[in-house]
Amino acid sequence: QVHLVESGGGLVQAGESLRLSCAASGSIFSINGMGWYRQAPGEQREMVATITSIGSENYADSVKGRFTISRDNAKKTVYLQMNSLKPEDTAVYYCNAGIRTYGNSRLVMNYWGPGTQVTVSS
């Protein structure tokens, strides 16, 4: 069993900051790429930022220069620092990770967290 749990969401005003965290737990052999995705009401889920196991980062154009993704491999945790938040950043933010478990270390499985709500008021 593997679980991803996000934390750090909330209600903020435009221009403020939030830091999201996502911790992985369970029978984890190794973690490949990790990332953050978001889904606003009536919209499709979209990639926000991803980070590889060696720290290579990728961002959606809409968040470049404002958001920073990072990870702590020892803690099996990925972070998303969100600065200069805008009302259009309002969404449920989901953590994603590609994980090999001890039960089947040859296979990378895709896992999602339950999501955390971020609301930015104008």
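**Exercise 1.** How far apart are the mean positions of the positive and negative charges of the protein chain?

*Solution.* Start with the model: it is predicted, local features need pLDDT of at least 70, side-chain atom pairs count only at pLDDT 80 or more, and totals for chains, interfaces and linings use all residues. Residues are numbered from 1 along each chain as its sequence is written, and side-chain values use heavy atoms, without hydrogens or water. Next, assign charges: Lys and Arg are positive, Asp and Glu negative, while His and the chain ends are not counted. The 11 positive and 9 negative charges have mean positions 11 Å apart.

**Exercise 2.** Find how many strands the protein chain has.

*Solution.* Take DSSP runs: helices are H or I with at least four residues, strands E with at least two, numbered from the N terminus. The protein chain has 11 strands and zero helices.

**Exercise 3.** Classify the aromatic pairs.

*Solution.* Rings of Phe, Tyr and Trp (its six-membered ring) pair if their centres lie within 6.5 Å; planes under 30 degrees apart are stacked, over 60 edge-to-face, the rest tilted. The count is two. Phenylalanine 29 and tyrosine 102 are edge-to-face, at 5.6 Å centre to centre and 85° between the planes. They sit 73 residues apart, phenylalanine 29 in strand S4 (residues 28-39) and tyrosine 102 in the loop between strand S9 (91-101) and strand S10 (104-112). Tyrosine 37 and tryptophan 112 are also edge-to-face, at 5.1 Å and 70°. Tyrosine 37 lies in strand S4 and tryptophan 112 in strand S10, so this pair ties together parts 75 residues apart in sequence.

Terms used. Charge placed at Lys NZ, Arg CZ, Asp CG, Glu CD.
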